[in-house]
Every structure is written in structure tokens, then in C-alpha cells.
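Here is a short tour for someone who likes to check geometry residue by residue. Keep the viewer open and follow along.

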Amino acid sequence: WNLTGSITFYNSDIVMNNCVISSNRSGDDLLNIVRSYFEINNCRFNNSYADALDADFCDGKIKNTTFLNSGNDAIDISGSTLFIEDVVIDKCLDKALSAGERSIIRGTNIEILNSEIAVCSKDLSDITLANYYLENNRIGLTAFQKKSKFGPGLLKLSNGDIKGSSVRFLIESNSVCLVDDIEIYSNEDNVKDLFYGVKYGKSSR
């Protein structure tokens, strides 16, 4: 039996304050939380081999926390609800903020820099961000369907800025992206066929 994270919490609620989690040498995740409630406050995630934080079927909050040099995703949630505030993500090699499988993210004061894909909503997930700043990311915002049993993604952003992205928006048909209540129309079909190391992002480890 191989654990999915260098640190794993399963059916175990957790509050983390003033922690540094850094530099795992192998594995899928630096921290994996499954079927739990969690709070992460004033922490740093540095130099993850693959994903920094992976939360599956959880409810959680992240506040005043930074993610630096993530080998794959920085924050990746599935089937979860997450509230984030005052979060900085820098130098992520795949998706900085990713929601899948009917997840919900609500965030404010979010800064994502120098990453491959800044914000990704897929498979009936809903991401709402206010007071955001995205700079020098290859893709700014993307929403799409990856798995056939789910559906399109939803993004709603307000009061922010996107600068220096090679592709500001990559929105699949049927997915919805609203920026300051203005709809960003679909500009690509079959987005998943461009991801996971094909054209954008990294292949799964």
C-alpha cells in the first residue's frame, strides 16, 4: 500500500498553523488530505516534487499561505469545498489553482505568478475569486470538461487583473467564464486534449 502524499490525513480533521512543508523527493503530493475538514493558516509549501496540496472529498480553509516551486499543481481539489484568502502561488509547473469533480472554491486576495496554468475549473466545478492578480502565467483562466460522467466548468472573477499571459482565456464550449459579469466566450473545443503535457501543463506523474 503506497500513500498518496508524503504527509497524508485520511478521515482526520486537521488544523495547521505556522508550518513549513518542503522538498519531498517522490510521491504524488506533498500533502494529501482525504475525507476530512482542514484549516491551513500562515503556512508555506515549498519545492514539491509533484502536487503541493491535494484535497479529495474535503471541506477546508486556507489563509495567509504561500506555495512556491510546485512540481505539478499547487492546490488541487476534487469533490471538495475550499475557502481561500490571502494566498500567493509562484512558479507552479502545472495548474496553480485547480478544482475538479463538483468542487467549489471561494477566494479573495489571490496572487498567482510565473506558473503554467493559473486557474482551472473542470468537471462541474465552480470557482469564484475576488481581488485577484495573475501575472506571467502561460494560461490565465481555463474551464472545461475532463471526465465524461461530469460536465463543464464555471469561473466567476471580479476586481482583478491578468497580465503577461500567453493565453488569457482557454474556455471550452458549454463551460462558463465571467469576468466582472462579462462573459468570456468559448474559444476552444476539447481542451483536455491540449493539457496534461500535450501542449500545456504536465503529464500526470
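**The chain as a whole**

Please keep in mind that this is a predicted model. The chain has 20 strands and zero helices. Its radius of gyration is 15 Å, close to the 17 Å that the globule rule gives for 205 residues, so the chain is as compact as a globular protein of that length. Along the principal axes, the C-alpha atoms fill a box of roughly 40 × 35 × 25 Å. Of the 205 residues, 51% count as buried. Among contacts with a separation of 6 or more, 37% come from residues 24 or more positions apart.

**Aromatic pairs**

A pair of aromatic rings is described by the distance of the centres and the angle of the planes. The count for this model comes to three aromatic pairs. One of them joins phenylalanine 45 and phenylalanine 67, which are stacked at 4.7 Å centre to centre with 15° between the planes. Phenylalanine 45 belongs to strand β6 (residues 44–48) and phenylalanine 67 to strand β8 (residues 59–70), so this pair ties together parts that are 22 residues apart in sequence. Phenylalanine 45 is buried at 1% relative accessibility, and phenylalanine 67 is buried with a relative accessible area of 1%.

Phenylalanine 144 and phenylalanine 195 also form a pair, this one edge-to-face, with 5.1 Å centre to centre and 75° between the planes. Phenylalanine 144 sits in strand β15 (residues 139–144) and phenylalanine 195 in the segment after β20 (182–183), so the two link parts that are 51 residues apart in sequence. Both phenylalanine 144 and phenylalanine 195 are buried. Together with Tyr200, Phe144 and Phe195 form one aromatic cluster.

**Strand pairing around β6**

β6 and β8 pair in the parallel sense over four bridges, and phenylalanine 45 stands opposite phenylalanine 67 in β8. β6 has a parallel pairing with strand β3 (residues 20–22) as well, over three bridges. There, valine 20 stands opposite arginine 44 in β6.

Where is serine 36 found? Serine 36 lies in the loop between β4 (29–34) and β5, and it is buried, with a relative accessible area of 6%. Its side chain reaches the backbone nitrogen of asparagine 11 at 3.2 Å. Not counting residues up to four places away in sequence, serine 36 touches Phe9, Tyr10, Asn11, Ser12, Asp13, Phe57, Cys58 and Asp59.

Serine 70 is in strand β8 and is buried at 1% relative accessibility. Leaving aside neighbours within four places in sequence, serine 70 is in contact with Ser48, Ala50, Ala52, Lys91, Cys92 and Leu93.

Valine 179 lies in strand β19 (residues 176–179). Is valine 179 buried or exposed? At 14% relative accessibility, valine 179 counts as buried, because the cut-off is under 20%. Beyond its neighbours within four places in sequence, its contacts are Tyr132, Leu141, Leu157, Phe169 and Ile184. From valine 179 to phenylalanine 57 there are 122 residues in sequence and 28 Å in space, C-alpha to C-alpha.

**Positive phi values**

Most residues other than glycine have a negative phi. Asparagine 42 has a positive phi near 55°, and aspartate 86, which is not a glycine either, has a positive phi of about 55°. Asparagine 42 is found in the loop between β5 (37–41) and β6, whereas aspartate 86 lies in strand β10 (residues 81–92).

The table lists accessibility for these two and for some residues discussed above.

| Residue | Relative accessible area | Class |
|---|---|---|
| Asparagine 42 | 41% | partly exposed |
| Aspartate 86 | 28% | partly exposed |
| Valine 179 | 14% | buried |
| Serine 36 | 6% | buried |
| Serine 70 | 1% | buried |

Methods
Residues are numbered from 1 along each chain as its sequence is written. This is a predicted model: local features need pLDDT of at least 70, side-chain atom pairs count only at pLDDT 80 or more; totals for chains, interfaces and linings use all residues. Side-chain values use heavy atoms; hydrogens and water are left out. Rings of Phe, Tyr and Trp (its six-membered ring) pair if their centres lie within 6.5 Å; planes under 30 degrees apart count as stacked, over 60 as edge-to-face and the rest as tilted. Buried means under 20% relative accessible area, exposed over 50%, partly exposed in between (1.4 Å probe, protein chains only). Contact means heavy atoms within 4.5 Å. A polar contact is a pair of N or O atoms within 3.5 Å; within protein, one must be able to donate a hydrogen and the other to accept it, and residues adjacent in sequence count only if both atoms are side-chain atoms. Two strands pair if DSSP finds at least two bridges between them. The radius of gyration is taken over C-alpha atoms; the globule rule is 2.2 Å times the number of residues to the power 0.38.
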